[in-house]
Amino acid sequence: MAELNTGDSGGGKGGKVRSKKQNSKVDLTAMVDLAFLLITFFMLTTSLSKPQSMDLGLPDKNPDPIENKIVKTDQRRTVTVILGANDKIKWFHGLLDAPEKDGAPATIGYGSDGIRKELLKRVKSIPEVVGDPKKGLIVIIKPTKKSTYKNLVDILDEMAICKVPTYAIVNDFSPAENKLADEINK
């Protein structure tokens with residue numbers, strides 16, 4: 001039981017002889033109970049931050065290798081983004097051997113002056129035909145082993161901001177793309 005003892009104010013020797021007073025005790029049990037009830041009430045009624053999730057469409061797993069066909073796309077519609085260490089990005093437009101105009105491999109960062117600027121320029125130059133995903137920009141995202149989860153979330157945010165109609169996360173690297181990945185992972 002919680003209690004508060006108040007000491008007597010009787011002091012030293014001398015002076016008048018007074019009758020001895022008993023110590024008064026204050027029972028704090030009710031106050032402790034009230035404190036825990038209030039803490040419990042506020043914990044249960046407070047709304048905690050809601051977890052945020054990102055929609056990500058994944059293809060169905062098909063165990064039949066005959067039905068897993070290679071999909072060919074037009075190189076003029078394709079932008080490849082390689083995610084590297086230290087928030088660096090290497091990107092190119094078209095094929096690596098023969099990039100499109102202003103699409104040679106370049107190192108860039110995230111944000112409005114980085115990859116977003118390039119993606120917006122490409123989305124505007126290759127408009128999507130409504131209802132036909134075969135006509136818009138395609139971004140291929142290739143994270144390296146030295147890139148972080150934050151980098152992947154950041155690039156997916158850039159896809160949403162730029163309203164890129166089609167994008168894919170791929171982990172296959174050609175030998176030439178491996179050289180680009182090694183450049184940004186130094």
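Close-up 1. At 37% relative accessibility, aspartate 87 counts as partly exposed; buried means under 20% relative accessible area, exposed over 50%, and partly exposed in between (1.4 Å probe, protein chains only). This is a predicted model, in which local features need pLDDT of at least 70 and side-chain atom pairs count only at pLDDT 80 or more, while totals for chains, interfaces and linings use all residues. Residues are numbered from 1 along each chain as its sequence is written, and side-chain values use heavy atoms, with hydrogens and water left out. Look for aspartate 87 in the loop between β3 and β4; helices (H or I, at least four residues) and strands (E, at least two) are DSSP runs, numbered from the N terminus. Its phi is near 60°, a positive value in a residue other than glycine.

**Close-up 2. Asparagine 86 in the loop between β3 and β4.** Most residues other than glycine have a negative phi. Asparagine 86 is not a glycine, yet its phi is positive, about 55°. With a relative accessible area of 61%, asparagine 86 is exposed.

**Close-up 3. The largest nonpolar core.** A nonpolar core is a set of buried Ala, Val, Leu, Ile, Met, Phe, Trp, Tyr and Cys residues joined through side-chain atoms within 4.5 Å. The largest one here has 19 residues, and Val81, Ile89, Ile115, Val139, Ile141 and Ile155 touch the most other members. At least two residues of this core come from each of β3 (78-83), β4 (89-93), α2 (115-125), β6 (138-143) and α3 (149-162). Helix α3 gives the largest share, five residues. Apart from this core lies another, of five residues, including Ile82 and Leu180.

**Close-up 4. Isoleucine 141 and its contacts.** Contact means heavy atoms within 4.5 Å. Not counting residues up to four places away in sequence, isoleucine 141 touches a set of residues that includes Val81, Leu83, Leu152, Tyr167 and Val170.

**Close-up 5. Glutamate 118 in helix α2.** Glutamate 118 counts as buried, at 16% relative accessibility. Leaving aside neighbours within four places in sequence, glutamate 118 is in contact with Trp91 and Ile108.

**Close-up 6. A nonpolar surface patch.** Val32, Phe36, Ile39, Met43 and Leu44 make a nonpolar patch of about 560 Å². Patches are made of residues with over 30% relative accessible area and no salt bridge, with like charges joined within 9 Å and nonpolar side chains (Val, Leu, Ile, Met, Phe, Trp, Tyr) within 5 Å; a salt bridge is a side-chain nitrogen of Lys or Arg within 4 Å of a carboxyl oxygen of Asp or Glu. Leucine 44, found in helix α1 (residues 29-45), counts as exposed at 69% relative accessibility.

How values were computed: Accessible areas come from the Shrake-Rupley method with a 1.4 Å probe; for residues, only the protein chains shown count as cover.
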